Amino acid sequence: MKPCWPLLAASLSTASLSAAAPAKAPASKVIVVLEFRGNTDNGITRDQLIILSDQARKGTLEAVMGQGFKVRETEDQQLIIQQMGCKSGPPGECDLDVAQKLKANYFLTGELLQTTGKFYLTMKLREGDAGAELALESLSGADVDQLVAG
(Lines give C-alpha, C1' and ligand atoms only; values in the text may rest on other atoms or scores of the structure.)
Protein backbone atom coordinates (compact mmCIF):
# COMPACT_ATOMS: atom_id res chain seq x y z
CA MET A 1 0.00 0.00 0.00
CA LYS A 2 1.20 3.52 -0.78
CA PRO A 3 2.20 5.75 2.16
CA CYS A 4 -0.79 8.05 1.67
CA TRP A 5 -4.16 7.03 0.30
CA PRO A 6 -4.26 8.84 -3.08
CA LEU A 7 -7.84 9.98 -2.63
CA LEU A 8 -6.99 11.72 0.62
CA ALA A 9 -3.84 13.26 -0.75
CA ALA A 10 -5.99 15.01 -3.36
CA SER A 11 -8.85 15.89 -0.99
CA LEU A 12 -6.67 17.12 1.84
CA SER A 13 -4.03 18.92 -0.18
CA THR A 14 -2.40 21.88 1.45
CA ALA A 15 -3.95 24.08 -1.24
CA SER A 16 -7.48 23.01 -0.28
CA LEU A 17 -6.95 23.68 3.40
CA SER A 18 -4.89 26.84 2.96
CA ALA A 19 -7.52 28.41 0.71
CA ALA A 20 -10.18 27.89 3.35
CA ALA A 21 -8.08 29.00 6.32
CA PRO A 22 -8.27 32.58 7.58
CA ALA A 23 -5.16 34.75 7.17
CA LYS A 24 -4.34 34.47 10.88
CA ALA A 25 -5.07 30.82 11.56
CA PRO A 26 -4.84 29.47 15.08
CA ALA A 27 -1.82 27.30 15.88
CA SER A 28 -3.81 24.09 15.52
CA LYS A 29 -6.86 23.21 13.43
CA VAL A 30 -9.06 20.16 13.91
CA ILE A 31 -10.12 17.73 11.19
CA VAL A 32 -12.74 15.07 11.92
CA VAL A 33 -13.24 12.03 9.69
CA LEU A 34 -16.86 11.05 10.21
CA GLU A 35 -17.86 7.40 9.94
CA PHE A 36 -18.50 6.47 6.33
CA ARG A 37 -22.00 5.53 5.25
CA GLY A 38 -23.35 2.90 2.90
CA ASN A 39 -26.51 0.90 2.35
CA THR A 40 -25.96 -2.24 4.42
CA ASP A 41 -29.20 -3.64 2.97
CA ASN A 42 -27.56 -3.62 -0.47
CA GLY A 43 -24.54 -5.87 0.14
CA ILE A 44 -22.26 -3.36 1.87
CA THR A 45 -21.00 -4.59 5.22
CA ARG A 46 -20.32 -2.60 8.36
CA ASP A 47 -16.76 -4.00 8.27
CA GLN A 48 -16.19 -2.47 4.82
CA LEU A 49 -17.33 0.92 6.09
CA ILE A 50 -15.05 0.66 9.12
CA ILE A 51 -12.06 -0.28 6.94
CA LEU A 52 -12.64 2.70 4.64
CA SER A 53 -13.23 5.13 7.54
CA ASP A 54 -10.03 3.96 9.24
CA GLN A 55 -8.05 4.24 5.99
CA ALA A 56 -9.40 7.77 5.59
CA ARG A 57 -8.20 8.66 9.11
CA LYS A 58 -4.79 7.19 8.34
CA GLY A 59 -4.58 9.06 5.04
CA THR A 60 -5.72 12.27 6.69
CA LEU A 61 -3.00 11.99 9.33
CA GLU A 62 -0.40 11.42 6.61
CA ALA A 63 -1.68 14.24 4.41
CA VAL A 64 -1.59 16.91 7.15
CA MET A 65 1.40 15.70 9.16
CA GLY A 66 3.60 18.58 10.29
CA GLN A 67 1.13 21.26 9.15
CA GLY A 68 -0.41 22.13 12.53
CA PHE A 69 -3.55 19.98 12.24
CA LYS A 70 -5.08 17.54 14.70
CA VAL A 71 -7.12 14.62 13.42
CA ARG A 72 -9.77 14.00 16.05
CA GLU A 73 -11.21 10.58 16.79
CA THR A 74 -14.98 10.34 16.61
CA GLU A 75 -15.67 7.59 19.11
CA ASP A 76 -18.57 9.59 20.55
CA GLN A 77 -20.06 10.30 17.12
CA GLN A 78 -23.00 7.88 17.36
CA LEU A 79 -23.90 9.12 20.82
CA ILE A 80 -23.85 12.73 19.60
CA ILE A 81 -26.06 11.83 16.62
CA GLN A 82 -28.57 10.07 18.87
CA GLN A 83 -28.61 12.96 21.35
CA MET A 84 -29.32 15.32 18.47
CA GLY A 85 -32.25 13.17 17.35
CA CYS A 86 -30.84 12.46 13.89
CA LYS A 87 -30.71 8.67 13.90
CA SER A 88 -33.59 8.31 11.48
CA GLY A 89 -32.83 11.26 9.21
CA PRO A 90 -31.46 11.08 5.69
CA PRO A 91 -27.75 10.29 5.27
CA GLY A 92 -25.56 13.29 6.00
CA GLU A 93 -28.34 15.38 7.51
CA CYS A 94 -26.45 15.90 10.77
CA ASP A 95 -22.84 15.89 9.51
CA LEU A 96 -22.33 19.64 9.96
CA ASP A 97 -23.96 19.63 13.40
CA VAL A 98 -21.78 16.71 14.52
CA ALA A 99 -18.64 18.40 13.17
CA GLN A 100 -19.51 21.63 14.97
CA LYS A 101 -20.23 19.77 18.20
CA LEU A 102 -16.76 18.16 17.87
CA LYS A 103 -15.30 21.66 17.23
CA ALA A 104 -13.94 20.66 13.83
CA ASN A 105 -12.53 23.27 11.47
CA TYR A 106 -12.86 20.70 8.68
CA PHE A 107 -14.63 17.38 8.34
CA LEU A 108 -14.46 14.53 5.88
CA THR A 109 -17.43 12.35 4.93
CA GLY A 110 -17.60 9.27 2.78
CA GLU A 111 -20.34 7.25 1.14
CA LEU A 112 -19.93 3.78 -0.33
CA LEU A 113 -22.30 2.53 -3.01
CA GLN A 114 -22.44 -0.86 -4.71
CA THR A 115 -24.01 -1.65 -8.07
CA THR A 116 -23.64 -4.84 -10.10
CA GLY A 117 -20.46 -5.96 -8.39
CA LYS A 118 -18.68 -2.61 -8.46
CA PHE A 119 -18.03 -0.29 -5.53
CA TYR A 120 -18.09 3.51 -5.69
CA LEU A 121 -16.64 5.66 -2.91
CA THR A 122 -17.31 9.39 -2.76
CA MET A 123 -15.53 11.54 -0.18
CA LYS A 124 -16.20 15.19 0.60
CA LEU A 125 -14.03 17.61 2.52
CA ARG A 126 -16.12 20.35 4.10
CA GLU A 127 -15.54 23.45 6.17
CA GLY A 128 -16.65 23.07 9.80
CA ASP A 129 -18.23 26.51 10.18
CA ALA A 130 -20.84 26.49 7.42
CA GLY A 131 -20.35 23.13 5.71
CA ALA A 132 -19.01 24.62 2.49
CA GLU A 133 -17.67 21.89 0.22
CA LEU A 134 -13.93 22.29 -0.32
CA ALA A 135 -13.13 19.12 -2.25
CA LEU A 136 -14.90 16.11 -3.72
CA GLU A 137 -13.15 12.94 -4.82
CA SER A 138 -14.49 9.62 -6.12
CA LEU A 139 -13.00 6.17 -6.58
CA SER A 140 -14.39 2.97 -8.00
CA GLY A 141 -13.25 -0.62 -7.89
CA ALA A 142 -14.31 -4.24 -7.94
CA ASP A 143 -13.84 -4.51 -4.16
CA VAL A 144 -12.89 -2.52 -1.07
CA ASP A 145 -9.24 -3.58 -1.39
CA GLN A 146 -9.05 -1.77 -4.73
CA LEU A 147 -10.53 1.35 -3.17
CA VAL A 148 -7.99 1.27 -0.33
CA ALA A 149 -5.12 0.79 -2.78
CA GLY A 150 -6.33 3.78 -4.80
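Biologist: Where is the place of Asp95?

Modeller: Asp95 sits in helix H5. Helices (H or I, at least four residues) and strands (E, at least two) are DSSP runs, numbered from the N terminus. Before we go on: this is a predicted model, so residues are numbered from 1 along each chain as its sequence is written, and local features need pLDDT of at least 70, while side-chain atom pairs count only at pLDDT 80 or more. Totals for chains, interfaces and linings use all residues, and side-chain values use heavy atoms, with hydrogens and water left out.

Biologist: Is Asp95 buried or exposed?

Modeller: Buried, because its relative accessibility is 14%. Buried means under 20% relative accessible area, exposed over 50%, and partly exposed in between (1.4 Å probe, protein chains only).

Biologist: What does its side chain make a polar contact with?

Modeller: With the side chain of Arg37, at 3.0 Å. A polar contact is a pair of N or O atoms within 3.5 Å; within protein, one must be able to donate a hydrogen and the other to accept it, and residues adjacent in sequence count only if both atoms are side-chain atoms.

Biologist: And which residues is Asp95 in contact with, leaving aside neighbours within four places in sequence?

Modeller: Leu34, Arg37, Phe107 and Thr109. Contact here means heavy atoms within 4.5 Å.

Biologist: OK, zooming out. How many helices and strands are there in the chain?

Modeller: Six helices and six strands. In sequence order the pattern goes α-α-β-β-α-β-α-α-β-β-β-α.

Biologist: Where is confidence lowest, and where is it highest?

Modeller: Lowest in helix H1 (residues 6-11), with a mean of 51, and highest in E5, at 93. For the chain, the mean pLDDT is 78, and 68% of residues reach 70 or more. pLDDT is the predictor's confidence in each residue, from 0 to 100.

Biologist: Let's do the strands. How do E4 and E5 pair?

Modeller: Antiparallel, over ten bridges. Two strands pair if DSSP finds at least two bridges between them. To find your way along the pair, Glu111 stands opposite Thr122, and Gln114 faces Phe119.

Biologist: What about E5 and E6, how many bridges join them?

Modeller: Eight, and those strands also run antiparallel. Thr122 has Ser138 of E6 opposite. In that hairpin, five residues lie between the strands, and Gly131 takes a positive phi near 80 degrees.

Biologist: Which strands run parallel to E4?

Modeller: E1 does, through three bridges, with Ile31 opposite Tyr106. Strand E2 (residues 37-38) pairs with E4 in the parallel sense too, over two bridges, and there Gly38 stands opposite Leu112.

Biologist: Leu112, let's stay there. Which residues of the largest nonpolar core touch the most other members?

Modeller: Leu112 is one of them, along with Phe36, Leu52, Leu121 and Leu147, in a core of 20 residues. Strand E1 (29-33), helix H3 (46-64), E4, E5, strand E6 (133-141) and helix H6 (144-149) each supply at least two of its residues. A nonpolar core is a set of buried Ala, Val, Leu, Ile, Met, Phe, Trp, Tyr and Cys residues joined through side-chain atoms within 4.5 Å.

Biologist: And what does a second, separate core include?

Modeller: That one has nine residues, among them Val30, Cys94, Ala99 and Ala104. In soluble globular proteins, nonpolar side chains tend to be buried together.

Biologist: Is Lys103 buried or exposed, and what does it touch?

Modeller: Exposed, because its relative accessible area is 66%. Not counting residues up to four places away in sequence, Lys103 touches Val30 and Arg72.

Biologist: Which residue in the E4-E5 turn has a positive phi?

Modeller: Thr116, at about 35 degrees, in a hairpin with two residues between the strands. Thr116 counts as exposed because its relative accessibility is 86%.
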